[in-house]
Amino acid sequence: MAQNALVIDGIGVDFSGFKAVDGFSTVIEEGEVRVLLGANGAGKTTLMDLISGKTKSTEGSVHLFGREITNLEEHQIAQAGVGRKFQIPSVFRDLTVRENLIVACARQPSVLGNLRLRRNAAERRRFDEVVELTALGDVLDRVAGVLSHGQTQWLELGMLIGQGARVMLLDEPTAGMTVGETMKTAALINRLRGDYTMLVVEHDMAFVREIASKITVMHLGKHLAEGRVEQIEQNPAVREAYLGSGGIH
Ligand SMILES: Nc1ncnc2c1ncn2[C@@H]1O[C@H](COP(=O)(O)OP(=O)(O)OP(=O)(O)O)[C@@H](O)[C@H]1O
């Protein structure tokens with residue numbers, strides 16, 4: 001049986017009397033792709049902030065593979081294996097794709113140091129694995145600044161994997177992508193499934209249907225519903241709270 005990657009128990013934050021996330025609990029198994037749905041302001045980004053340590057919680061706990069990470073510093077949570085991908089990618093635009101991935105896969109803290117030092121076997125293996133997973137082999141020698149929007153997002157995902165992330169928090173990974181890029185992103189996430197655990201905030205239901213193992217719906221900071229895609233689409237409470245304004249498309 002798969003072990004639990006993330007156990008979120010009653011997590012919440014009180015911003016001067018306003019609870020953006022309010023006693024939220026869920027358990028995400030290792031290798032699962034969990035999609036987080038919810039209307040604007042439901043608390044999705046704040047939940048990601050609480051898991052990644054960007055925002056400190058005022059109640060509840062988060063465990064990562066059995067280790068408590070509640071309210072650790074952001075860099076400590078990243079080191080523990082949680083990778084966060086924002087909508088604006090943070091790649092080194094002047095370095096090539098290869099150099100970006102070498103830097104991400106290396107364990108030395110300095111960028112230039114990593115490019116000069118000989119890589120060890122483990123780092124080379126990780127690099128090859130990331131290139132294969134992200135399908136960036138054809139653009140390794142291109143400077144990251146000239147990549148397409150989709151390629152830049154895939155490079156950033158590859159960098160998270162290279163850095164050792166085992167759980168990835170992805171905030172609208174297909175925002176601004178063409179249909180073709182969105183489908184490639186779904187294929188990439190499906191290649192990662194099983195070995196990596198992902199929590200994905202996404203509104204594009206065609207994409208969600210391609211990737212979701214399970215969906216969790218948030219409403220007003222709380223856990224509203226959880227289940228497989230069909231269950232969620234038919235759930236009356238979800239329809240009323242989130243989908244009432246037009247349904248799942
Ligand atoms: N630092 C803060 N102080 C006070 N209120 C905040 C803070 N951060 C977020 N909020 C509020 O918490 C609520 C949840 O915001 P959040 O961004 O988490 O929602 P969301 O589900 O990600 O929405 P969206 O889909 O629009 O990104 C919103 O009402 C927001 O205004």
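1. **Confidence.** Because this is a predicted model, its scores come before its details. The protein chain has an average pLDDT of 90, and 90% of the residues score at least 70. For the model as a whole, the ipTM is 0.96 and the pTM is 0.91.

2. **Overall form.** Ten helices and ten strands make up the secondary structure of the protein chain. The radius of gyration is 18 Å, close to the 18 Å given by the globule rule for 249 residues, so the chain is as compact as a globular protein of that length. The C-alpha trace spans about 55 × 40 × 40 Å along its principal axes.

3. Of the 249 residues in the protein chain, 40% are buried.

4. **Helix α1.** This helix covers residues 44–52 and is mostly covered, since eight of its nine residues are buried. Among the buried residues are Lys44 and Asp49, together with Leu47, Met48, Leu50 and Ile51. After α1 comes Gly53, which has a positive phi, near 90°.

5. **The pair α5 and α6.** Two packed helices are described by the angle between their axes and the distance between the axes. For helix α5 (residues 121–134) and helix α6 (residues 149–162), the axes come within 9 Å and cross at roughly 150°, and the crossing is right-handed. On the α5 side the contact is made by Arg126, Phe127, Val130, Leu133 and Thr134, while α6 contributes Trp154, Leu155, Leu157, Gly158, Ile161 and Gly162. Sorted by class, the residues in this contact are seven nonpolar, three polar and one charged.

6. **Lys85.** Leaving aside residues up to four places away in sequence, Lys85 touches Glu156, Leu157, Leu160, Met168, Leu169, Leu170, Asp171 and Pro173. The C-alpha atoms of Lys85 and Leu157 are separated by 7.2 Å, although these residues lie 72 residues apart along the chain. Leu157 is also one of the α6 residues that make the contact with α5.

Technical notes
Residues are numbered from 1 along each chain as its sequence is written. This is a predicted model: local features need pLDDT of at least 70, side-chain atom pairs count only at pLDDT 80 or more; totals for chains, interfaces and linings use all residues. pLDDT is the predictor's confidence in each residue, from 0 to 100. Helices (H or I, at least four residues) and strands (E, at least two) are DSSP runs, numbered from the N terminus. The radius of gyration is taken over C-alpha atoms; the globule rule is 2.2 Å times the number of residues to the power 0.38. A residue is buried if 20 or more other C-beta atoms lie within 10 Å of its own, exposed if 12 or fewer, and partly exposed in between; C-beta atoms are placed from the backbone. Axes are lines fitted to C-alpha atoms, for helices over the stretch in contact, and angles run from 0 to 180 degrees between N-to-C directions. A crossing is left-handed if the near helix is turned anticlockwise from the far one by less than a right angle, and right-handed if clockwise. Two residues are in contact if their C-beta atoms, placed from the backbone, lie within 7 Å. Ala, Val, Leu, Ile, Met, Phe, Trp, Tyr, Cys and Pro count as nonpolar, Asp, Glu, Lys and Arg as charged, and the others, Gly among them, as polar.
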